[in-house]
Amino acid sequence: MAPVKHKVLLNVDLGEAFGNLKCGPDDDLLPLIDIANIACGFHAGDPLIMSSTVRACKARNIAIGAHPGLPDLQGFGRREMKLSPEELTAITIYQVGALKGFLDVEGLLLNHVKPHGALYGMMCRDLKVAKAVMRGIPEGVPVFGLAGTKMEEAAKEEGVQFCAEMYGDVKYSPDGMLVIDRIKKPWTNEDVEKHITQQLTTESVTATDGSTVHLPVKDYPLSLCCHSDSPGCVEIVKTARAVADRFNMEHGYS
């Protein structure tokens with residue numbers, strides 16, 4: 001199998017605190033990443049956290065995307081909910097619009113939209129859900145998603161630019177879907193390096209049953225995602241950064 005065809009950019013979910021409750025070590029992660037997905041208040045985040053996270057990303061020239069989720073603070077947006085297509089479109093518009101307000105104040109553009117957690121998983125499997133969320137994304141703004149799923153199909157049907165993702169700290173099921181844990185499990189640096197290297201160099205991944213699954217990223221722009229709430233996330237992201245940088249250098253991607 002061939003390696004991926006584009007430079008690998010590293011994205012991490014940030015701003016997932018709420019009030020006085022802190023989630024990930026955002027300040028330690030900022031120097032390591034290219035792109036931030038900022039929580040928009042439904043699964044995590046609040047106005048002050050959104051504002052401060054936008055400013056912190058601006059100071060480091062980190063591209064900023066909206067990270068809308070299901071309205072589930074207690075479950076951190078990792079529990080599935082049944083919403084109508086109209087609700088799904090509306091909550092996407094609402095959350096993206098909230099983040100865009102803070103970007104406008106700082107004179108920044110919205111780089112992309114990346115759905116969070118259970119909403120992401122629902123979009124991978126259900127075309128109606130995926131299309132409803134796509135309709136809430138501003139015109140001309142790309143969506144980050146899992147290639148070969150209903151997310152990709154919906155983006156194509158709704159005219160939304162698609163950016164393929166791979167994952168540094170999430171396992172894959174035998175059907176190529178993500179295994180979305182309510183609470184993240186720890187990874188060793190060795191396992192992270194092996195997991196990412198396989199994906200980047202072969203466009204495939206070892207699934208939870210030991211089978212090898214093809215990841216059809218095609219010719220899409222590519223971003224590698226890690227999470228700020230994974231145990232040992234700073235070391236995970238450092239490892240992901242090193243693997244991505246090595247891959248980019250070996251393949252002539254500046």
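**Cavity, pockets and a helix pair**

Student: How do the residues that line the largest cavity divide by class?
Tutor: The model is a predicted one. In the lining of the largest cavity, Gly counts as polar. The residues of that lining divide into 6 nonpolar, 4 polar and 4 charged.

Student: Which residues of that lining lie nearest the centre of the largest cavity?
Tutor: A search of the whole structure finds 1 cavity of 30 Å³ or more. Its space comes to about 120 Å³, and 14 residues line it. Those nearest its centre are Gly117, Tyr167, Ile180, Lys184 and His227.

Student: How much space lies in the largest pocket?
Tutor: The largest pocket is lined by 19 residues, with Lys171, Trp187, Asp191, His195 and Thr206 nearest its centre. By class, the lining has 7 nonpolar, 5 polar and 7 charged residues. The space in this pocket is about 380 Å³.

Student: Which element gives the largest share of the lining of the largest pocket?
Tutor: Two elements, helix 7 and strand 7 (204–206), each supply at least two residues of this lining. The largest share is 4 residues, and it comes from helix 7.

Student: At roughly what angle do the axes of helix 7 and helix 8 cross?
Tutor: Helix 7 covers residues 189–202 and helix 8 covers residues 233–250. The crossing of helix 7 with helix 8 is right-handed. Their axes come within 9 Å, and the crossing angle is roughly 35 degrees.

Student: How do the residues of the contact of helix 7 with helix 8 divide by class?
Tutor: Helix 7 brings Asn189, Val192, Glu193, Ile196, Thr197, Leu200 and Thr201 to the contact. From helix 8 come Glu235, Ile236, Thr239, Ala240, Val243, Ala244, Arg246 and Phe247. By class, the residues of this contact are 8 nonpolar, 4 polar and 3 charged.

Student: Which residues lie closest to the centre of the second largest pocket?
Tutor: About 250 Å³ of space lies in the second largest pocket. Its lining is made of 18 residues, and the closest to the centre are Ala17, Asp26, Ile49, Ser52 and Thr53.

Student: Which element gives the largest share of the lining of the second largest pocket?
Tutor: Helix 1 (26–29) and helix 2 (47–59) are the elements that give two or more residues to this lining. By class, the lining has 8 nonpolar, 6 polar and 4 charged residues. The largest share, 4 residues, comes from helix 2.

How values were computed
Residues numbered from 1 in each chain as written. Predicted model: local features only at pLDDT ≥ 70, side-chain atom pairs only at ≥ 80, totals over all residues. Heavy atoms only, no water. Axes fitted to C-alpha atoms, helices over the stretch in contact; angles between N-to-C directions. Left-handed = near helix turned anticlockwise from the far one by under 90°. Contact = heavy atoms within 4.5 Å. 1 Å grid on protein atoms, 1.4 Å probe; cavity = no way out; pocket = protein on both sides within 12 Å on 5 of 7 lines; lining within 4 Å. Points joined across faces, edges and corners; volume = space filled by probe spheres on them.
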